[in-house]
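This report looks at how charged side chains pair up, within chains and between them. Keep the sequence and the 3D view at hand while reading.

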Amino acid sequence: MKEMKLFLGPQHPGMHGNASVHMFVDGDIIKRSYLLPGMLYRGFEKQMERKLWVNNIALIPRVCVPEPDINEMAFASGAEKLLKLEIPERAHWIRMIILEFARISAHLMAYGGLGGPTGNYTLMYHAHADRNNILDIFEKITGARVYHQYIVIGGVRQDLPKGIEKDMHTFLDSLESRLKEYRDLGIDNASIIKRIKDTIMLPAEVVWELGVTGIGMRSAVNKAYDIRKVAPYARYDQVEFEVPVSDYSDARSRLDIKIKEVQQSINIIRQCLEKMPEGPVRVKPARGQSMRWTVPKGHVYSMVESSRGEFGYYMVSNGGTHPYRVGVRGASYPQGLLGIEKYLPGTRIDDAALWVDTMGICSPEIDR
Amino acid sequence: MNENNKYPKSSIFRPLRHIKYIFKKPVTHPLETIFTKKNADYLKGVKVMKSSKAKISNPRTAPDNLRGFHINDWEKCIGCGTCGEICPTAAITMVERHDLPKVAGKLQQRPVIDYGRCCFCGLCVDTCTTESLKMTKEYIYADSNPDSFQLMPTETWQDQEVEQAYVKNEDTDLLDLERVEMEHIEGSERINSYIEVVRGYSKEYARLEAARCVECGVCTASCPVQMHIPMYIKTIWEDDIEGGLRQIYETNPLPGVCGRVCTHNCETACAIAVRGEAIAIRWLKRYIIDSAPDDMYKKIFTEPVSEVIDAKVAIAGSGPSSLSAAYYLRGLGYKVDVFEEKSRAGGVASFGAPQYRIPDYAVEKDINFIKSIGVNIHTNTKIGSDITFEDLEKKYDAVFLGTGFFKGRVLNIPGADHPDIMGAMDFLPLTRDFARGTLKLEDMNVKPSVVVVGGGDVAFDVARNCIRIQLQKYGKANVLLTSLETLDILPGSDDEYIEGKEEGIKFRLGYGPQEVVVEDGKIKGLKVWKCTRVFDEEGRFNPSFDQSQEEIFEAEQVFFSVGQAPDYSYIPESLKDKVKIERGKIKADEAGKVEGLDWLYVGGDIFRGPDIITAVSDGHRAAVAIDDYLYNKAKKKEQSEYFKEVREAIRFNNPEPALKPKRKRTLI
């Protein structure tokens with residue numbers, strides 16, 4: 001039979017973000033495939049060099065839309081390392097709250113993403129409805145729903161609004177009680193279990209070969225490699241949480257870990273709310289007006305654990321008002337670009353969307 | 001498979017439990033709840049909305065913190081454009097609005113935001129100098145006309161009062177409102193000598209202070225010479241002293257003097273001063289001059305002056321206006337001769353302001369540079385006796401008068417003719433000579449207890465000089481300063497008051513002197529009445545007193561610092577009727593040209609007054625006017641391109657009348 005070319009995305013209910021998977025199929029088996037992630041390309045890294053340290057905050061969250069806060073955190077903490085800046089204690093805890101909410105929100109989006117390719121739209125609607133509640137909380141704290149621009153060099157932009165703790169607790173309680181429902185609808189749902197069990201495998205060798213991190217790695221090699229544990233930032237060393245792992249990485253296992261991580265994030269946020277001290281939330285990185293803030297000469301790699309794995313910013317400063325060079329390590333680069341090219345072939349067409357969903361892929365961070 | 005991966009038994013029935021959610025309220029925000037009436041009307045016409053049965057009227061209320069559309073309070077906004085500078089998406093442009101009043105500290109422009117570009121980051125709000133720009137809870141706007149997304153925010157959004165949401169607070173503020181501290185010599189230490197009070201910024205501190213500037217340029221319009229203030233502050237921040245020196249000399253040839261004793265209207269107008277402490281513009285200028293080595297000066301302005309236009313200009317007096325005129329005329333290619341009656345050039349900078357404010361070396365640095373470009377300064381040459389006015393008229397193509405107000409005035413009250421009574425301008429030149437060592441302590445007629453009458457900066461100069469002399473002469477000081485004005489309307493600067501108090505001046509403000517009490521030929525004190533008002537309803541100077549509150553301030557000597565007077569004795573009889581004098585000042589046109597006499601120009605105190613920087617602007621303007629008059633008359637020769645550039649720059653920077661900012665008192 002003649003080989004046929006098919007596109008998954010960018011306009012496709014099973015596609016995540018502004019990318020397209022080009023597939024050459026024989027029957028319904030993918031023979032060759034590659035990712036075209038450039039639908040959103042706007043030269044983030046180059047643009048960052050042309051923006052001030054202070055107003056880069058408007059650009060960097062766009063490197064990953066569903067989970068923008070990791071960018072802000074990596075950028076801000078990198079610059080703080082160069083500045084040798086101690087930020088206020090409370091800011092660390094607020095940052096953790098924000099980052100964990102972002103993680104939950106990204107996990108919900110990915111978990112709900114299971115709904116599109118499997119025809120189980122209820123799951124997607126529910127996940128998005130809960131994500132919407134998180135966006136409401138973000139809106140109250142930061143003033144924006146998606147691009148929060150909240151974690152800045154020197155702390156966070158402003159203190160939490162009054163009464164937000166109550167909103168958070170209400171939401172966390174409700175989400176926690178619903179996690180079981182999510183399992184029922186998704187990974188324990190007999191009507192779709194065949195699509196995800198023992199299929200879309202990620203063997204440990206592939207993890208080592210490509211350099212996959214995050215859930216992909218943890219689900220395959222049984223190792224708790226999590227930046228929050230191995231190189232704690234903010235105050236992750238002062239909260240208790242587990243890193244769920246597994247030694248068998250099929251789609252179900254990875255989704256299972258996502259749900260478990262949501263529970264861990266809920267626990268972390270509760271601890272943060274409990275342990276968070278009062279006090280200032282921001283220090284200015286330098287004297288003078290913000291457009292004349294400079295960062296000392298040097299280079300730094302700062303990393304955070306995103307919902308998809310290790311996410312890092314390599315930043316070079318020449319002592320000026322602008323970063324000299326910023327390089328982003330997108331967590332989904334290995335599995336997203338290389339994985340799709342090398343390991344998607346051999347699977348069936350209908351697995352492609354689930355492959356993209358469960359591996360954790362965010363296209364702008366691949367082509368930034 | 002490890003134990004983490006033990007799943008419960010899967011079931012096709014369990015998902016059915018979700019049926020319960022059919023009976024629950026949706027948690028998302030349906031479309032019909034988010035459109036406002038205005039937008040809904042538009043959207044109804046759009047295809048996608050035609051099918052939906054949107055019930056429109058119940059917009060969801062955004063949280064208190066939302067970064068929505070902007071509003072801008074035009075009363076507060078000064079048009080500084082900092083919002084546009086920081087905007088990461090270049091969405092904000094400043095648009096000229098000439099219908100706005102032209103006042104000091106405000107620019108005639110307002111921001112326009114292109115919502116096709118805006119990303120609602122709110123940095124414009126964070127960096128707003130005045131807190132006029134705010135964000136609202138409004139977040140929906142739809143229109144078929146793309147141009148309508150360019151909006152000039154006003155106090156309302158879409159002509160409706162709206163709730164403000166994201167506003168600036170202490171954490172989000174991106175400006176630095178606190179001035180970098182300037183080191184002063186302690187009051188108890190400085191009164192023992194004429195050491196300069198203000199130490200000046202170190203490089204590190206100057207750069208920190210310069211980093212506070214937002215480069216808006218509202219200061220420039222308030223400066224009588226329109227110095228390129230944001231530009232030279234930027235050079236400090238960039239550590240480019242040569243660039244700064246170049247910027248400064250384009251508009252001001254006396255930066256060493258102005259960096260120390262300027263009245264700094266620029267700082268009063270400064271955008272940062274709206275909410276915080278103004279940029280220390282004066283000290284930053286001084287920093288450039290103090291840190292510029294002599295050879296750097298040579299690079300700035302040597303080439304053009306090698307070319308000369310065949311015309312000569314005489315300048316009477318060597319004060320700020322004269323030196324400024326001399327400098328620019330020389331730059332324009334003329335031969336310039338300056339005639340000074342005293343032994344030193346500099347006028348009020350050398351003989352008025354005290355040494356602890358402006359030391360001789362600073363004045364000399366400025367003057368030496370002016371001399372180095374070829375200006376001839378003839379000291380000890382009095383017009384009228386050493387050279388006649390007619391000679392000037394005959395030998396020179398144009399004459400500039402900048403002879404200043406160098407006679408002290410004494411109030412016409414009983415007892416004021418006593419020999420121990422002095423006017424400020426008779427006393428201050430002596431103190432300068434004393435500080436230099438040319439006059440001895442015995443020559444200084446200062447008694448152990450002194451009353452100084454007057455509330456301006458000059459009165460403080462007299463009082464603080466008296467303290468220094470008394471301490472050396474008698475070992476203790478006793479100086480009382482009295483003025484008509486109370487502290488809230490005291491004309492002297494805040495710095496003078498604070499420093500004077502530190503040095504031990506006693507204050508009795510709000511009294512009017514009535515008589516100098518003299519007994520047996522010796523002054524016993526000053527009789528005063530309480531002053532009930534200084535200005536009348538129309539704002540004119542018209543003091544009234546309460547006789548019942550009479551006091552005598554005991555003192556052995558009284559100094560009057562109640563204004564100064566000119567000396568026009570050098571103007572010959574033949575010109576007396578042509579030169580019109582009004583209230584002590586010579587009448588002339590905007591540029592200082594005396595009416596009816598094309599060749600005669602005036603500047604400084606005898607023309608406009610009242611401060612050094614205005615005098616410098618007079619000199620600059622007169623130089624350009626003299627050039628207008630002489631350039632065509634003179635025999636021109638081929639000029640180099642560079643000379644033409646310099647000439648154009650001098651003419652281009654010709655200052656316009658300055659806007660006077662409203663003074664803000666910080667003392668009370």
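B:Glu131 is found in the loop between helix H4 (123-127) and strand E4 (133-135) of chain B. Helices (H or I, at least four residues) and strands (E, at least two) are DSSP runs, numbered from the N terminus. The phi angle of B:Glu131 is near 65°, a positive value in a residue other than glycine. Most residues other than glycine have a negative phi. With a relative accessible area of 30%, B:Glu131 is partly exposed. Here buried means under 20% relative accessible area, exposed means over 50%, and partly exposed lies in between (1.4 Å probe, protein chains only).

B:Arg583 also has a positive phi, near 50°, and is a residue other than glycine. The place of B:Arg583 is the loop between strand E20 (581-582) and strand E21 (585-586) of chain B. B:Arg583 is exposed, at a relative accessible area of 85%.

The model is predicted, so local features need pLDDT of at least 70 and side-chain atom pairs count only at pLDDT 80 or more, while totals for chains, interfaces and linings use all residues. Residues are numbered from 1 along each chain as its sequence is written, chains are lettered from A and ligands numbered from 1 in the order in which they are written, and side-chain values use heavy atoms, with hydrogens and water left out.

**The interface of chain A and chain B**

How many residues does each chain bring to the contact? Chain A gives 56 residues and chain B gives 57 residues, where contact means heavy atoms within 4.5 Å. The size of an interface is often given as the accessible area lost when the parts come together. Between chain A and chain B the buried area is about 4,500 Å², and carbon and sulfur atoms give 48% of it. Buried area is the accessible area (1.4 Å probe) that two parts lose on being put together, summed over both. In chain A, the residues that lose the most area to chain B are A:Arg157, A:Arg287 and A:Arg292, together 19% of what that side buries.

Across this interface of chain A and chain B there are 31 residue pairs in polar contact, both residues being at pLDDT 80 or more. A polar contact is a pair of N or O atoms within 3.5 Å; within protein, one must be able to donate a hydrogen and the other to accept it, and residues adjacent in sequence count only if both atoms are side-chain atoms. Helix H5 (121-142), helix H6 (164-185) and helix H11 (251-275) of chain A are the elements that give two or more residues to the side of chain A that touches chain B. H5(A) gives the most to that side, with nine residues. By class, the side of chain A that touches chain B has 15 nonpolar, 19 polar and 22 charged residues. Ala, Val, Leu, Ile, Met, Phe, Trp, Tyr, Cys and Pro count as nonpolar, Asp, Glu, Lys and Arg as charged, and the others, Gly among them, as polar.

**Salt bridges**

Side chains of opposite charge can pair when their charged atoms come close. A salt bridge is a side-chain nitrogen of Lys or Arg within 4 Å of a carboxyl oxygen of Asp or Glu. The structure holds 82 salt bridges over all chains, and the rule finds six across the interface of chain A and chain B.

| Pair | N to O distance |
|---|---|
| A:Arg157 and B:Asp126 | 2.9 Å |
| B:Asp176 and A:Arg287 | 2.9 Å |
| A:Asp350 and A:Arg348 | 3.2 Å |
| A:Arg325 and A:Glu49 | 4.0 Å |

A:Arg325 is partly exposed at 33%, and A:Glu49 is buried at 14%.

Which residues of chain B are linked in a network of salt bridges? They are B:Arg190, B:Arg357, B:Arg464, B:Arg468, B:Glu496, B:Glu499, B:Glu502 and B:Glu503. B:Arg468 lies in helix H19 (residues 457-474) of chain B and is buried, with a relative accessible area of 0%. A polar atom of the B:Arg468 side chain lies 3.1 Å from the backbone oxygen of B:Ser193.
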